Amino acid sequence: MQTTHKYTLVFLLFTFITYLTSIEILPAQNKDFVVVLDAGHGGKDPGAISNGYKEKVIALDVVLQLGKALEKTEGIKVIYTRKTDKFIELWRRADIANKADADLFISVHCNSVANSKPYGTETWVLGEKNTDRNFEMAKRENEVIFLEDNYEENYAGFNPSSPESTIAIGIEQEVYVEQSIVLARKIENNFVSKAKRKSRGLKQESILVIRNTYMPSVLVELGFISNKKEGAFLNSKAGQNKMTQALIDAILDFKNEIDQNIGSELGSDTNLEGDGTNSQPESLILEDYTFKVQIAASSRDLETKSYNFNGLSDISKQKTGKLIKYYYGSTSDYNKAKLFKQEAQQKGYSSCFLVAYKDGKQVDISEALKSVSN
């Protein structure tokens, strides 16, 4: 009976893959923007406990409020890793996001240390830095695996107490780090400007819950419940409202920026296949800005030859830390850059995105586009 099921599953999988390869990719606006919200800890894992406040409770309260607001936004689909006080393994949280083909993964937590003085927000993205402070935070968040059954099997010998275990980043995930950083900056900026909180900045470390996801992912520390004043703020309805609204605005801003950069935005202005009219989008030249398409980010240093990039030429690269970012095209014409992006997608770089530079420094796309209306 098991053999029959096995062959049936293989047949269905083959049929599904054949179907996918036979259809055209639909415009991105026809697909919901999927956000997976992860309330940290839960069930037998309480997370931090300090001053009578529980991390797992505050995290869930904020996630449920955040999800409820996002669900009211057209074009956004919300998936929760947990909606109750339930223990969910770290690998399963990432697996939920991966299986949903999510566009964003946001894990919500609260901080706590022995010293009652520290306060402020932090937003973490995947990284390979191992400063003492970063490693201790990563160790604390990762040690929850010891509460899981068969953790040795699920995490392939990963040891939270070993700095060496936290270093490796899969090349498949590196491409999402840049986008994760963009979102993290928006979140921290909103915590300061809208929630009026102190930001301790954007941090990078190899944290398991975001290490195993394949989409832009961040882990948000709302503040320190070990600080009595901040703990009271985070446990209050008013405090949670402020933090939630800051997160909502950051997510919607990030989504809007992604929407501005997708190939489907070209719509009727673009006809790459041709219909006899040779129509092209009007030029939108922003002289102070240069637009490129980031197609990959990797620790591998490749020659910028077309055979290394699925036939794409006009490839440039830039080293940032230990990563090398690869770009296709370079132009001050925003509409032409969008054509470049669509070409890159057709060559197989489905997760590519536009980046903008001014005076040699990378800036938000939204900044460049604002200059059009000014």
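Predicted model: local features only at pLDDT ≥ 70, side-chain atom pairs only at ≥ 80, totals over all residues.

Residues are numbered from 1 along each chain as its sequence is written, and side-chain values use heavy atoms, with hydrogens and water left out.

Take Q179. Q179 sits in helix α6, residues 171–193. Helices here are DSSP runs of H or I with at least four residues, strands are runs of E with at least two, and both are numbered from the N terminus. Is Q179 buried or exposed? Its relative accessible area is 10%, so Q179 is buried. Buried means under 20% relative accessible area, exposed over 50%, and partly exposed in between, with a 1.4 Å probe and protein chains only. Not counting residues up to four places away in sequence, Q179 touches P216, F254, I258, S351 and F353; contact means heavy atoms within 4.5 Å.

Next is V78, in strand β4, residues 76–80. V78 is also buried, at 12% relative accessibility. Outside four places in sequence, its contacts are V35, L37, G67, L70 and E71.

Now the charges. R197 lies over the face of F233, 3.7 Å from the ring centre. K198 lies over the face of Y119, at 4.7 Å from the ring centre. The test is NZ of Lys or CZ of Arg within 6 Å of the ring centre and within 35 degrees of the ring normal.
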